[in-house]
Amino acid sequence: MTDFAGSSNDHPYFEVVQQFKEICAVDDAVAQACIERADGDLQNAIIRFLNGDNGIAAEAEREAEAEAVINGGLRHRVVPNGASSSSSEGTPTPPPQPASPGWFATLLSYSPVRQLYESVVQIFAFVFGLLGGFFPAITSPEEDIRTFREEFESKYADVEAPLPWQHSTYSDVLKEAKSSVRFLLVYLHNPSHQNSEDFVRKTLCTNDFKELIERNAIILWGTNVRTTEGAKVAAALHETTSPSLVLICMRDNRLACVLRVSGAVARENLLAALQEGVNTNQRFLNAILNDRAQRELNNRLRREQEAEYERALEQDRKNLAERRRRESEHAENIRREEEEERLEEEKKQRLLEIRARLREEVAALPEAVTDIVRVSVRFPCGSKFDRKFASTDSLEILFNATLAHEKCPNDFSLLSSYPRKELHCAPEWYKEYGTVTESDAPIPTFKDAGIESSVVIMVRDNQA
């Protein structure tokens, strides 16, 4: 038992002692004795105290036993001053009688009361364990993790090997372990526990431990059990001993605790246990990774097949669209050709009607009797016709007479033989059916065109 006096805050369990005093309403000596006997575990100390172990009586018992062993089992009786010598030579003084039990012990001797008391103690211990001891301050998980990191790095800045802590909430680190299929090692840190300091410096923050973490790609996460987040995690993992390490990994598609290491464990034993836990459960992670790889391969093959199907479907759609476009163009060409043929046929029909009308009009014209110009019109087929015109007649009459002839082509021009030149004689309406020489001047007369006596006119087929 470590000697300490009063409530000096130099004692390593000062905070735990103060908490014990507030809960159990005892003085410093009793609180210190109970906490020390429980190795700094507040919950264990409270349970033992409620079961009748007040620490001081048990300590006195142990000291008496030790003294008896040292003295070979002999008991020495001290005679007080002033007693007669006969008293020392007479009948031996009887041993002291044990003190009568107190009212609380007498009350507990009754079975119903004892059962009720034990039930209350168990309920209190359960609730106290669930709450992680005293009610921690209401903080967010992020704040608790940040506080743990800052305090841990500040206090253990001079350790042998700083560790690669995962600084995220417990729920987030569980998701990370599940998604990445890696081992998660949770360290529950109790700054008030007597073994925490040596465990951190001599076991946890060492090159051997860090090498094990990195070699096995373990996610390392820690928390202070005195914080809200730490208390919740400790309760969820059913851990009350400090310091504690819990190894978590995926098994059968769910996260499971596969190894627990609690208390002051030698570094070699801890490393061996952790490595053994990793080796034993690695096959479960490999199975999950293989299953995921197979699913990913199947998904990739399915995506490739779907992409190939989409490409083939897209090509089919393009081919169908191209075929429909060609069919539409073909149908449009046919429709346009039919329309052009219809329009051409209608145009020919109108030209035939015009030629028939001109034939009647030319036949009804009287022949000239004065200033006669004899014209001989020759067609490309060898046919010809002769007609007399007045020199004051318009060349349009010559054009109409030529067009009215049955041997005249539909699109034609008239050329004089000598001098050889094209005559400007086609009217404006003829543009729809044949070639018309563009000119701003009106159609001249024979006299204006320099034709005054006789002339041979050649008919040129513009479509030949």
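Trainee: Which residues of helix α10 are buried?

Mentor: In this predicted model, S196, F199, V200, T203 and L204 are the buried ones in α10, which spans residues 196–204.

Trainee: How should I read that spacing along the helix?

Mentor: Start with the general idea: an α-helix has 3.6 residues a turn, so residues three or four places apart point the same way.

Trainee: What do the buried residues of α10 pack against?

Mentor: Their partners are the helices α8 (141–155), α11 (207–215) and α13 (267–364), along with the strands β1 (184–189) and β3 (244–251).

Trainee: Now to the sheet. In what order do the five strands lie?

Mentor: In general, strands of a sheet pair through backbone hydrogen bonds, either parallel or antiparallel. This open sheet has mixed pairing and runs β6-β5-β9-β7-β8. Its edge strands, β6 (384–390) and β8 (420–422), each pair on one side only. From one strand to the next, the twist averages 30 degrees.

Trainee: Which way does β5 run relative to β9, parallel or antiparallel?

Mentor: Parallel: five bridges join β5 (residues 372–378) to β9 (residues 454–461), and R378 stands opposite M458 in β9. Helix α14 (residues 395–404) packs on the sheet, where it touches β5, β6, β7 (412–417) and β9.

Trainee: And how many bridges join β5 to β6?

Mentor: Seven, and those two strands run antiparallel.

Notes: Residues numbered from 1 in each chain as written. Predicted model: local features only at pLDDT ≥ 70, side-chain atom pairs only at ≥ 80, totals over all residues. Heavy atoms only, no water. Pairing = 2+ DSSP bridges. Helix = DSSP H or I, 4+ residues; strand = E, 2+ residues; numbered from the N terminus. Axes fitted to C-alpha atoms, helices over the stretch in contact; angles between N-to-C directions. Contact = heavy atoms within 4.5 Å. Buried < 20%, exposed > 50% of the residue type's maximum accessible area, 1.4 Å probe, protein only.
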